Amino acid sequence: MSTESMPSARSSRPSFLSGTLEIVKYAEFLSKEYAKALAKSIKEVAQEETKELRKKAKESSTAWARVSSDLESRYNEKTGNFEFGVMDQRTTNARIATDLEYGVPKQNAPQPLLRSHAISNQKELGDRIANKVHTKLKEKYR
């Protein structure tokens, strides 16, 4: 018996249920919106980190206070890392920050403000980005 002669199980009547599954809608939404929400969240957190880092430096009783206004935090898209420090390496403050961070033999001991800030905020940084992404997506969906 050939399957060609068998009656079809489908009918021309409309389906009892139709439409797109919610999970599919959400997956389509994420494919369009996740990258934008992540980029915006990373940018916001980098700005917050800059403010926090500058505040720590300014309030310190060390020479970090002198370079505090030039300190920055930024996300490097090429490496996928956050960077902390004086970003314009041609400035005097960049050299001062490097000398403070790593020390200068027979002049000053290391005062690792940047490394300690980065290490102490590592988990919190990731959590803040994740929370911001979640909030942005939640506000936009539906």
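I began with the second largest pocket, where helix 1 contributes the most lining residues, six of them. Helices here are DSSP runs of H or I with at least four residues, strands are runs of E with at least two, and both are numbered from the N terminus. The model is predicted, so local features need pLDDT of at least 70 and side-chain atom pairs count only at pLDDT 80 or more, while totals for chains, interfaces and linings use all residues. Residues are numbered from 1 along each chain as its sequence is written, and side-chain values use heavy atoms, with hydrogens and water left out.

**Second largest pocket.** I looked up its volume, which is about 160 Å³. The lining consists of Ala35, Leu38, Ala39, Ile42, Lys43, Ala46, Tyr75 and Glu77. By class I found six nonpolar, no polar and two charged residues. Nonpolar covers Ala, Val, Leu, Ile, Met, Phe, Trp, Tyr, Cys and Pro; charged covers Asp, Glu, Lys and Arg; the others, Gly among them, are polar. A pocket is an open set of points on a 1 Å grid over the protein atoms alone where a 1.4 Å probe fits, with protein on both sides within 12 Å along at least five of seven lines; lining residues have an atom within 4 Å of a point. Grid points are joined across faces, edges and corners, and the volume is the space filled by probe spheres set on the points.

**Largest pocket.** I noted a volume of about 280 Å³. Its lining has 15 residues, and Phe84, Gly85, Val86, Tyr102 and Leu114 are the closest to the centre. Strand 2 (81–86), helix 3 and helix 4 each give two or more residues to this lining. Helix 3 gives the most, with five. The classes are eight nonpolar, three polar and four charged residues.

**Whole chain.** I listed five helices and two strands, in the order α-α-β-β-α-α-α. The protein has 142 residues, of which 29% count as buried. Buried means under 20% relative accessible area, exposed over 50%, and partly exposed in between, with a 1.4 Å probe and protein chains only. I also checked contacts, meaning heavy atoms within 4.5 Å. Among contacts with a separation of 6 or more, 57% are between residues 24 or more positions apart.

**Aromatic pairs.** I searched the whole structure and got five. Rings of Phe, Tyr and Trp (its six-membered ring) pair if their centres lie within 6.5 Å; planes under 30 degrees apart are stacked, over 60 edge-to-face, and the rest tilted. Tyr26 and Tyr141 are edge-to-face, because their ring centres are 4.9 Å apart and their planes stand at 80°. Tyr26 sits in helix 1 (residues 22–59) and Tyr141 in the segment after helix 5 (122–140), so this pair ties together parts 115 residues apart in sequence. Tyr26 is partly exposed, at 30% relative accessibility. The pair Phe82 and Phe84 is stacked, at 6.5 Å centre to centre and 25° between the planes. Phe82 is buried, at 18% relative accessibility. I recorded one aromatic cluster formed by Tyr26, Phe29 and Tyr141.

**Lys106.** Last, I looked at a backbone angle. Most residues other than glycine have a negative phi. Lys106 is not a glycine, yet its phi is positive, about 65°. I placed Lys106 in the loop between helix 3 (92–102) and helix 4 (113–120). Its relative accessibility is 90%, so Lys106 counts as exposed.
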